[in-house]
Amino acid sequence: MVADSALTVVLVYPELLGTYGDRGNAVALRRRADARGLDCHLVEAAVRDPLPRTGDVYLVGGGEDAAMLLAWEGLRSGHRLQDAVDAGAACFGVCAGFQLLSREFTGPDGEPHEGLGLLDVRCGRLDGPRAVGEVLADSDHGFLTGFENHQGDAHLGAGTAPLGRLVRGVGNGDGRTEGAVQGRVLASYLHGPVLVRNDGLADRLLELVTGPLAPFRDPAVLRLRQERRAAALSRPGARHPHLRRRSSHRP
Amino acid sequence: MTSLLPQHRRDAAAADGVAADLAGRPRPPAVGRSRRVATATRLGHLAEVSSRLSGLGAGGVIGGRVLLALAPGAVPELARGRSLALVSGTNGKTTTTALLAAALRTQAPVDTNADGANTQAGMVRALAAGDAATVVLETDEGWLPWAVRQTRASTTVLLNLSRDQLHRHHEVAHVARAWRDALDGAEHVVANADDPAVVLACLGARNRTWVAAGTRWREDARVCPRCGHEIVSDDGGWRCRCGLCRPRPQWWTEGDDLVGPATRLTLGLGLPGAANRANAAMAVAAAAGLGVSPEGALGAMRTVRGVAGRYEVFATRTHSARLTLAKNPASWLEALDMVGARSRPLVLAFNSDGVDGRDPSWLYDVPFDGLAGRPVVVTGRRATDMLVRLEMAGLHDVRRAGDVAAALSLLPAGEVDVVANYTAFQEARRALGHRCHGR
Ligand SMILES: [Zn+2]
């Protein structure tokens, strides 16, 4: 389908999982690949077609309730995303995509659903108000900035590390962590789109497939990062109001 | 207007000490209104005038709030015996309200909330401000159920329903269900057959007029609002396995023609773009239901050239700037479609204050690629987000300016399109208006 030298980014079910401008994550990867002289193809995989197995990076975005369940049905049948990751592909999930990649998630119907199991994570529901606002976290790839809008939390198992250490916002809902990393699978509650706003994270995803890349500075993105970081820091509370109550109930 | 008022009304108004508002418009207390509502109306108007005189607040909304506080049950009384049309939807409601009001004025005087105050207080204020037998109310999507129940409007015009402020987008499905409940048994809805959420909302209405008004924004129309399954498109239509499908429209547009029952007319609007042709189709269909001939309705609608500053052309010393409002993903698509037909230099003004929504992620669902090759300047408090978005779309020579006036100064003299989201639009309108008048 695609020449060996090219990089293929697969946008998984954009018609269902595109609520938060998730196409932007694919565009950001392509821009940063182009800047290094890498030929990068974007493939949009529709829910009615079999998911391509030959992708290098799979992006699983955010979706509204009904759309998320449709996507879940599509991804469960065929095991193709798991096969692609086993074969060496990287995968990045955002919001609903994060939950779909996990071992188990509480669906919009309030019922527990078996996830794809690519992350040793159980995603439940925040028992307070919806988490909405600018988020700031520290990470190994520079600070992470994004906008969160979710009712889900994330309980990380032993096999998974957090993507970032929370500075502002709710993230995984434990007051400390944001997102998850397990091998070549990364996930986050942040949009913005998050790979546009976080050049270091975008490069990390690419490098999982390409190996080390030359530095590339994008001044407009760097300015955006500083602006959004300042916006997150101006949020009144670093943590979610219901956090104290949650901590005492944590399983 | 004063001369149109019967003598006994003018006398009554004068006797009440509220002869005219600041614009000189008479404010007669309506015949047949209860003392409580009449008093509340007067005090509301007083609050409005003092708010405006003090330079604080929005005037009209305050008047409506005072009225509601003093007479909470005023709306059914203010609506009784009047022919009332509500116009709602995510996009196009201000323009469609203006078009429909123009069409209905060919028959009789019309009261309307032309100021765009479309929540509870704004609608109440418009109802109380006059006593025309016909009322057209622009209605916020969230307030529509309340308005339907309180006013018992004989006509409801539903344009579309899509995400507005992304950080609260999960409310879209909730709003659709609330519409459906409120419109169960409604007398007449004029509705967009192309929007599944709108169609679902209208199924319980007693009479339905379907208009093919299109949906440029499809992201919110891919999953069935009734059952959650995927919506499938089939030659011009759409359907879901649960049976919800596109109704056969009675009105549609073909190029600049409007086609309806035994009718084909050239629209020839004074407003630009496909979105406004669709708005006009909705307004003609609604006016026809209220007894205005399509020809007569269109004749009046053609004279509408700007609505609350939208599409207004501001002439400065150096530039002729046309201002377009693009407040959410769907209306950005419409605006880009509109400016895409021309190749003028472009100013994009982008904020994220209040009603603008705090999460502009959806910028990546709007294709800006078509702007490549023309001079573009960005401004606004989220200008950097827009700049990065354009860069990701392959536009690398976009410039930045502190405000719209500074943006214009970066562009060659002549015609310019200014596209702005809500608060940026209001700022641009003030700034350009000031520059024009300051000449
Ligand atoms: Zn259905």
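1. Along the chain, the donors of the zinc ion follow the spacing C-x2-C-x12-C-x1-C, where donors are N, O and S atoms within 2.8 Å of the metal (3.2 Å for Na, K and Ca), and water is not among the atoms, so sites may look incomplete. The loop between strand 6 (208-212) and strand 7 (232-234) of chain B holds B:Cys224, while B:Cys240 lies in the loop between strand 8 (237-239) and strand 9 (251-254) of chain B, so this pair ties together parts that are 16 residues apart in sequence. Helices (H or I, at least four residues) and strands (E, at least two) are DSSP runs, numbered from the N terminus.

2. This is a predicted model, in which local features need pLDDT of at least 70 and side-chain atom pairs count only at pLDDT 80 or more, whereas totals for chains, interfaces and linings use all residues. Residues are numbered from 1 along each chain as its sequence is written, chains are lettered from A and ligands numbered from 1 in the order in which they are written, and side-chain values use heavy atoms, with hydrogens and water left out.

3. Which atoms are the protein donors of the zinc ion? They are the SG atoms of B:Cys224, B:Cys227, B:Cys240 and B:Cys242, lying 2.3 Å from the ion. The angles among the four donor atoms are 95 to 117°, and the site is tetrahedral (four donors count as such if all angles lie between 85 and 135 degrees).

4. Turning to the interface, chain A gives 36 residues and chain B gives 28 residues to the contact, meaning heavy atoms within 4.5 Å. Between them the two chains bury about 2800 Å², 55% of it on carbon and sulfur atoms; buried area is the accessible area (1.4 Å probe) that two parts lose on being put together, summed over both.

5. Three salt bridges are counted between chain A and chain B, each being a side-chain nitrogen of Lys or Arg within 4 Å of a carboxyl oxygen of Asp or Glu. A:Arg23 forms a salt bridge with B:Asp365, with the closest N and O atoms 3.6 Å apart.

6. Over all chains, a search of the whole structure finds 26 salt bridges. A:Arg197 pairs in this way with A:Glu134, the closest N and O atoms being 3.0 Å apart. This pair links distant parts of the chain, since A:Arg197 is in helix 5 and A:Glu134 in strand 8 of chain A, 63 residues apart.

7. Two backbone features deserve a careful look. The peptide bond from A:Gly192 to A:Pro193 is cis, with omega near -15°, and A:Pro193 is placed in the loop between strand 14 (185-188) and helix 5 of chain A. A:His79 has a positive phi of about 60° although it is not a glycine.

Key
Four donors count as tetrahedral if all angles lie between 85 and 135 degrees; four count as square planar and six as octahedral if opposite donors are over 155 degrees apart and all others between 65 and 115; anything else is irregular.
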